[in-house]
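The exercises below are meant to be worked with the sequence and the 3D structure side by side. Try each task before reading its solution.

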Amino acid sequence: MMAGYFASAWAVSWRYLHNLYTKPAVFIPSLLFPLFFLAAFAGGLSAVSDAPGFNYYDFTAFQFCFVLIQASALAGVFAGFSIASDFELGMGRRMMLATTHRSAIVVGYGFGAALRLIVTWTVITAVALLAGMSVKGSGIDLVGMYSLGLLANIAALLFSSGIALRFRSLQAGPLMQMPVFITLFLAPVYVPQNLLTGWIEPAASVNPVTASMNAARSLMAGDPSGILLAYGAAFGLIVVMGFWAIGGLRSAETAG
Amino acid sequence: MPGAATLPSRSVLPIQVAAMAARSVTRLLRQPAAIVPSVIFPLFLLAVNAGGLNSAVDIPGFPTDSYITFAIAFTFIQAAIFSTMNAGQGLAQDIENGFFSRLVLTPMRPSALMAGQLAGLVLLGQFQALLYLAVGLAAGAHFAAGIAGYFVLALLVSIISIGFGGLGLIMAIRTGSGEAVQGMFPIMFVLLFFSSMALPRNLIEQDWYRFLATINPVSYLIEAIRSLFITGWNGEALALGFGVAIVLAVLSIFFAARSLKGRMLK
């Protein structure tokens, strides 16, 4: 039973990755997007680290952590685009008929999105290191940091698959992308949380992405803090988004 | 005279422009889903940047003590860049659904078609300029140039809208595809981000980034609008901004007109 379930998930995952890596027009922009943000923020805003109270050890590393979480989350959203496209073109219905348990479809896309991350992480990490980023965290710290990226990826995938399965059309793309984009930018992107002022300060303090971003930066600096809160918030988000995705699956099943 | 029946006299041109402009404006008003994001998204980024980067005003040499006063110029340019998409999308839609082909069979002049498309953008640009100025002032931005400065701002925004709108028209005419016009968005975003949008050029520490910001014409557009907010009347910044905007508008309209003639002959 379980073997059949994972075989279905793996087939969906393989198909997703095959489609992705054989279409440069789809794959390359999604890879360039985080690199562009890394270059624009780490390069253009480095003078911000001279502001009083900005006490992080390296501005490129500081921005890298944002780009890591952002790229991971957007990889989940892009997988949601693929789900919507498959259902729009009728492939989704065929996949639903072919699987014993339909949640294997979402799990399959989840595997694919997670495997896709390996390429994205490798490229952005290599570029950041070439740009002179220094890493203070130990191996375990870095595993913890990348794991936070993986959790952001899963949460974003579940959110966007919930949208994709309800609308079953690529026209719902902005509904998947914009909330994730806005949530990411309501975290401390440019400066540490203690330097935020105005309305964004309370918004960032209740944003679960803030906990992930702060924890990732502390792990990168080799001075872990707020780890339990970050993992707790991320797992909590995954549970909520899991129910959202299951609801979407039921909606797609009802629609036939 | 052969062909005389197909060419309208000069006095018909204003009527044609007015008709196309009315259509362009009506279409914009009937598609809130197309224009609302282009109005709201720049305000959202302004709010995020103003909150997130406010501590940048403590950097020695920063030209103002209010980051929103510094950052609001970026909002106007971002909106103008969105207008590239709106103009191109509208014309590409006309080409895709066959309206353009039917229009070619009428005595409509190409200049009337283009002017009409751009008129809607100029109107949207004026609405955005007024809205962003009002929101900025309400949020604590200073507008040093005063009431006369508003008219200069409105004029500059109009020229910039025409310039970027022309780029959208070129893409639409050459490709005839709304998807291709949308594909221009990332390129426009790169132009926007690799500029002096977040920090003054003299405070950008990375040499390669400062070089890109210096050769990027968008920096001069932002700095001209920014000068109206921060210093009031800075002749050099305004001359550079208007110069870049006029060159962009003239070139984009010239190439759009050439492309349009080519498509009409097809």
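**Exercise 1. Work out what secondary structure chain B contains, and judge how its radius of gyration relates to the globule rule.**

Solution. Begin with the count of elements in this predicted model: chain B has eleven helices and zero strands, so that, read from the N terminus, the order is α-α-α-α-α-α-α-α-α-α-α. The radius of gyration of chain B is 20 Å, close to the 18 Å given by the globule rule for 266 residues, and chain B is therefore as compact as a globular protein of that length. Next, take the extent of the C-alpha trace, which spans about 70 × 40 × 35 Å along the principal axes of chain B. Finally, consider the packing: 45% of the 266 residues in chain B are buried, and of the contacts between residues at least 6 apart in sequence, 80% join residues at least 24 apart.

**Exercise 2. Describe the side of chain B that touches chain A, by element and by residue class.**

Solution. Start from the totals, in which 23 residues of chain B are in contact with 23 residues of chain A. Then assign them to elements: α2 (32–52), α8 (185–193) and α9 (207–215) of chain B each supply at least two residues of this side, and α2(B) gives the most, with five residues. Sorted by class, the side of chain B that touches chain A has 16 nonpolar, five polar and two charged residues.

**Exercise 3. Identify the buried residues of α10 of chain A and what covers them.**

Solution. Helix α10 (residues 227–255) of chain A has 29 residues and reaches 42 Å from its first C-alpha to its last, close to the 42 Å expected. The buried residues include A230(A), A233(A), A234(A), L237(A), M241(A), A245(A), G248(A) and A252(A). For the spacing, recall that an α-helix has 3.6 residues a turn, so residues three or four places apart point the same way. The cover over the buried residues of α10(A) includes α3 (59–88), α4 (91–98), α5 (103–130), α6 (139–167) and α9 (208–220) of chain A.

**Exercise 4. Examine R168(A): what is its phi, and is the residue buried or exposed?**

Solution. R168(A) lies in the loop between α6 and α7 (173–185) of chain A. Its phi is near 50°, a positive value in a residue other than glycine, whereas most residues other than glycine have a negative phi. R168(A) counts as buried because it has 23 C-beta neighbours inside 10 Å. As for confidence, chain A averages a pLDDT of 90, and 99% of the residues score at least 70.

Definitions and conventions:
Residues are numbered from 1 along each chain as its sequence is written. Chains are lettered from A and ligands numbered from 1 in the order in which they are written. This is a predicted model: local features need pLDDT of at least 70, side-chain atom pairs count only at pLDDT 80 or more; totals for chains, interfaces and linings use all residues. Helices (H or I, at least four residues) and strands (E, at least two) are DSSP runs, numbered from the N terminus. The expected span of a helix is 1.5 Å times one less than its number of residues. A residue is buried if 20 or more other C-beta atoms lie within 10 Å of its own, exposed if 12 or fewer, and partly exposed in between; C-beta atoms are placed from the backbone. Two residues are in contact if their C-beta atoms, placed from the backbone, lie within 7 Å. Ala, Val, Leu, Ile, Met, Phe, Trp, Tyr, Cys and Pro count as nonpolar, Asp, Glu, Lys and Arg as charged, and the others, Gly among them, as polar. pLDDT is the predictor's confidence in each residue, from 0 to 100. The radius of gyration is taken over C-alpha atoms; the globule rule is 2.2 Å times the number of residues to the power 0.38.
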